[in-house]
Amino acid sequence: MLDLKQLLSEEVDGTGELDELLASKADEPLTLEEIRAQRLSFVMGMLPRETTLTREDVRQLLEKRYG
């Protein structure tokens with residue numbers, strides 16, 4: 001099993017393919033649904049643990065704000 005230090009310092013078999021896939025996807029524009037999902041995820045991550053807002057509450061608020 002590889003440890004994190006080795007993964008970060010060496011190219012492991014198959015990582016070249018992953019790098020190519022990630023690079024090709026980076027050039028593709030995001031869909032509106034992907035942008036909405038990222039926005040929702042960001043907002044949920046920024047909320048304090050004590051929040052009573054649910055994911056659905058936040059989704060509805062974002063929809064009102066951004067359409």
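Reader: Where is Val58 placed?

Author: Val58 sits in helix H4. Helices here are DSSP runs (H or I, at least four residues; strands are E, at least two), numbered from the N terminus. Before we go on: this is a predicted model, where local features need pLDDT of at least 70, side-chain atom pairs count only at pLDDT 80 or more, and totals for chains, interfaces and linings use all residues. Residues are numbered from 1 along each chain as its sequence is written, and side-chain values use heavy atoms, with hydrogens and water left out.

Reader: What is the secondary structure of the protein chain?

Author: It comes to four helices and zero strands, and along the sequence the pattern reads α-α-α-α.

Reader: Does Val58 count as buried or exposed?

Author: The idea goes like this: buried means under 20% relative accessible area, exposed means over 50%, and partly exposed is in between (1.4 Å probe, protein chains only). Val58 has 3% relative accessibility, so it counts as buried. Over the protein chain, buried residues make up 4% of the 67 residues.

Reader: Which residues is Val58 in contact with?

Author: Contact means heavy atoms within 4.5 Å. Leaving aside neighbours within four places in sequence, Val58 is in contact with Leu40, Val43, Met44, Leu47 and Leu53.

Reader: At what angle do the axes of H3 and H4 cross?

Author: Axes are lines fitted to C-alpha atoms, for helices over the stretch in contact, and angles run from 0 to 180 degrees between N-to-C directions. The axes of H3 (residues 32-46) and H4 (residues 55-66) cross at roughly 125° and come within 10 Å. That makes H3 oblique to H4; angles under 35 degrees count as roughly parallel, over 145 as roughly antiparallel, 65 to 115 as roughly perpendicular, and the rest as oblique.

Reader: Which residues make the contact?

Author: From H3 there are Arg39, Leu40, Ser41, Val43 and Met44, and from H4 there are Arg55, Val58, Arg59, Leu62 and Tyr66. They divide into six nonpolar, one polar and three charged. For sorting, Ala, Val, Leu, Ile, Met, Phe, Trp, Tyr, Cys and Pro count as nonpolar, Asp, Glu, Lys and Arg as charged, and the others, Gly among them, as polar.

Reader: Where does Gly67 lie?

Author: Gly67 is in the segment after H4. With a relative accessible area of 46%, Gly67 is partly exposed. Not counting residues up to four places away in sequence, Gly67 touches Arg36 and Leu62. The C-alpha atoms of Gly67 and Arg36 are separated by 9.7 Å, though these residues are 31 residues apart along the chain.
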